[in-house]
Amino acid sequence: MRLVTLALVALLALVHAELWFGKGGVPRMVELQGRLAAQQATNDAAKHRNALLAAEVNDLKEGLEMVEEKARLELGMIKPDEILVQLSTPRR
């Protein structure tokens, strides 16, 4: 009876060792949780960027105001009857 008890305790010790230090153990789980959190943060940032791009595409499809704004800001274009005035602040 004593031999059976020792064998069961030894098996229990092996199972616990595998749980704590093995391939699918606690350290691996903690590492995977960290990687999952980082990937979720990356996905959230990508979703936010995609939402901004979708809104910009919708603006470009719906109206000419966005096209006009982009032409003014990025290309420096003005309408034929407009006068462009640029103000600069003095440096100290």
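Helices α2 and α3 are roughly perpendicular to each other, a label given to angles of 65 to 115 degrees. The model is a predicted one, in which local features need pLDDT of at least 70, side-chain atom pairs count only at pLDDT 80 or more, and totals for chains, interfaces and linings use all residues. Residues are numbered from 1 along each chain as its sequence is written, and side-chain values use heavy atoms, with hydrogens and water left out.

The axes of α2 (residues 26-62) and α3 (residues 65-75) cross at roughly 105° and come within 6 Å. Such axes are lines fitted to C-alpha atoms, for helices over the stretch in contact, with angles running from 0 to 180 degrees between N-to-C directions. On the α2 side the contact (heavy atoms within 4.5 Å) involves E56, D59 and L60, and on the α3 side M66, V67 and K70. By class, this contact holds 3 nonpolar residues, 3 charged residues and no polar ones; Ala, Val, Leu, Ile, Met, Phe, Trp, Tyr, Cys and Pro count as nonpolar, Asp, Glu, Lys and Arg as charged, and the others, Gly among them, as polar.

The chain as a whole contains 3 helices and 0 strands, arranged along the sequence as α-α-α. Helices (H or I, at least four residues) and strands (E, at least two) are DSSP runs numbered from the N terminus. The radius of gyration of the chain is 32 Å, whereas a compact globule of 92 residues would have a value near 12 Å; the radius is taken over C-alpha atoms, and the globule rule is 2.2 Å times the number of residues to the power 0.38. Along the principal axes, the C-alpha atoms fill a box of roughly 105 × 45 × 10 Å. Of the 92 residues, 4% count as buried, meaning under 20% relative accessible area, with exposed over 50% and partly exposed in between (1.4 Å probe, protein chains only).

Two residues illustrate local surroundings. L60 lies in helix α2, while K79 is found in the segment after α3. Both contact lists below leave aside neighbours within four places in sequence.

| Residue | Relative accessibility | Contacts |
|---|---|---|
| L60 | 37%, partly exposed | M66 and V67 |
| K79 | 39%, partly exposed | E68 and R72 |

L60 and K70 are 10 residues apart in sequence, and their C-alpha atoms are 9.9 Å apart in space. For K79 and L19, the separation is 60 residues in sequence and 72 Å in space, C-alpha to C-alpha.

Key: Parallel < 35°, antiparallel > 145°, perpendicular 65-115°, else oblique.
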